[in-house]
Amino acid sequence: MATGSFSSQVKIELARKVPEKNCCCLAEFSALLRAGGTLGIGTGKQLSFYISTDNAAVARHVFRLGKQLYNWPIELRVRRQDRLKKQNRYRVRLIIPESKENELQQLGIIKSRRVVEGIRSALVKRQCCRRAYLRGVFLGCGSVSNPEAGYHLELVLSSEVYALGIVSLLNRMGLQARINQRKHMHVVYLKEAEQIASLLRLIGAHGALLRLEDVRAMKEVRNQVNRLVNCDTANLEKAVSTGLRQARSIQFILDKVGIDYLQDPLRQVAELRLEYPEASLKELGDLMEPKLGKSGVNHRLRRLEEIAEQLGKNNMYTKQGFADK
Ligand SMILES: [Zn+2]
């Protein structure tokens with residue numbers, strides 16, 4: 001299953017389950033039709049809904065929910081797409097008998113043969129139904145990018161009022177959904193991995209949630225490793241350039257006034273640094289006799305740099321001149 005797109009993984013997982021409670025079935029079915037379906041008025045003014053999808057599991061799910069809730073005739077058609085894509089397109093059509101049109105009120109989609117704009121509050125009164133409703137919306141019009149590529153989940157809706165209703169439903173569930181217009185469609189979307197994970201948890205896509213969390217953890221480890229490597233490299237470069245600078249200062253002292261100018265504790269460090277400009281403080285300390293700690297080495301090297309700086313300022317000291325004094 002990991003090979004398919006993340007969107008279809010989520011949908012297949014959601015479509016396998018039919019909610020236990022009737023209230024949730026109704027909420028999910030309503031949302032699926034509203035978000036993913038189209039209302040048709042045929043000859044003889046017969047009402048019908050159809051949902052078109054390339055996901056077989058979603059088509060079966062609509063068929064099953066419809067059969068479970070209503071006694072309406074349902075058609076399921078399969079059409080082979082062009083041969084290159086090798087993907088079928090499924091169309092589920094629910095035909096609503098005229099005598100049953102009043103049952104549509106319950107679904108909150110149509111009232112007096114017109115599409116209702118908002119979400120019927122009775123459908124999302126309970127927590128269980130709110131989850132089912134969002135599940136239906138995702139199955140109907142949702143998609144989510146592969147977590148390896150990035151974090152983006154969106155619901156593409158044709159009505160602005162309905163899209164705003166979905167945003168406020170998501171807000172009620174603690175999610176910060178945003179809305180954007182794309183051509184004539186209204187796109188409700190979530191950006192952060194945390195938010196997408198919360199929604200997957202809410203709608204019960206636990207397998208997909210695991211995959212998302214795995215990818216997130218792997219990315220986090222990779223970032224940490226990169227940070228450490230970069231940090232090590234930076235430290236190393238800094239240490240080497242400091243060592244080279246110290247060696248130059250020591251060479252300067254030697255050129256100006258000679259090694260004898262330095263007292264013994266400084267002289268040993270100076271000679272070692274000249275010989276090993278790239279060695280770390282610890283390595284230098286270990287080479288000394290007796291051994292010296294890092295801070296001791298550091299202190300002496302700093303002292304040497306001070307001397308070099310002073311010698312640089314007071315140009316009157318030359319090797320010769322100093323010897324004369
Ligand atoms: Zn419920």
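This is a predicted model: local features need pLDDT of at least 70, side-chain atom pairs count only at pLDDT 80 or more; totals for chains, interfaces and linings use all residues.

Modeller: By class, five nonpolar residues form the lining of the largest cavity, with no polar and no charged residues. These lining residues are Leu134, Phe138, Leu155, Leu199 and Ile203. Two elements give two or more residues each to this lining, namely helix 5 (127–141) and helix 7 (193–203). The space in the largest cavity comes to about 30 Å³, and a search of the whole structure finds one cavity of 30 Å³ or more.

The packing of the two helices comes next. Helix 5 and helix 7 pack with their axes 8 Å apart, at an angle of about 110 degrees. Because angles of 65 to 115 degrees count as roughly perpendicular, helix 5 is roughly perpendicular to helix 7. Their crossing is left-handed. On the side of helix 5, the contact involves Gln127, Arg131, Leu134, Arg135 and Phe138, which meet Leu199, Leu202 and Ile203 in helix 7. Sorted by class, the residues of this contact are five nonpolar, one polar and two charged. Whereas the contact of helix 5 with helix 7 includes two charged residues, the cavity lining has no charged residues.

Helix 1 (residues 6–15) packs with helix 8 (residues 206–257) at an angle of about 150 degrees, the axes being 8 Å apart. Since angles over 145 degrees count as roughly antiparallel, this description applies to helix 1 and helix 8. Phe6, Gln9, Val10 and Glu13 of helix 1 make the contact with His206, Gly207, Ala208, Arg211 and Leu212 of helix 8. That contact has four nonpolar, three polar and two charged residues by class.

Helix 2 (residues 22–36) and helix 3 (residues 56–69) have their axes 10 Å apart and pack at an angle of about 130 degrees. The two are therefore oblique to each other. Helix 2 passes helix 3 in a left-handed crossing. From helix 2 the contact draws on Asn22, Cys25, Leu26, Glu28, Phe29 and Leu32, and from helix 3 on His61, Val62, Leu65, Gly66, Gln68 and Leu69. Seven of the residues in this contact are nonpolar, four are polar and one is charged.

The peptide bond from glutamate 289 to proline 290 is cis, with omega near -5 degrees. Proline 290 has its place in the loop between helix 10 (281–287) and helix 11 (294–313). Lysine 183 is a residue other than glycine with a positive phi, near 50 degrees. The loop that holds lysine 183 runs between strand 9 (178–182) and strand 10 (185–190).

Notes:
Residues are numbered from 1 along each chain as its sequence is written. Side-chain values use heavy atoms; hydrogens and water are left out. On a 1 Å grid over the protein atoms alone, a cavity is a set of points where a 1.4 Å probe fits but cannot get out, and a pocket is an open set with protein on both sides within 12 Å along at least five of seven lines; lining residues have an atom within 4 Å of a point. Grid points are joined across faces, edges and corners, and a volume is the space filled by probe spheres set on the points. Helices (H or I, at least four residues) and strands (E, at least two) are DSSP runs, numbered from the N terminus. Ala, Val, Leu, Ile, Met, Phe, Trp, Tyr, Cys and Pro count as nonpolar, Asp, Glu, Lys and Arg as charged, and the others, Gly among them, as polar. Axes are lines fitted to C-alpha atoms, for helices over the stretch in contact, and angles run from 0 to 180 degrees between N-to-C directions. Angles under 35 degrees count as roughly parallel, over 145 as roughly antiparallel, 65 to 115 as roughly perpendicular and the rest as oblique. A crossing is left-handed if the near helix is turned anticlockwise from the far one by less than a right angle, and right-handed if clockwise. Contact means heavy atoms within 4.5 Å.
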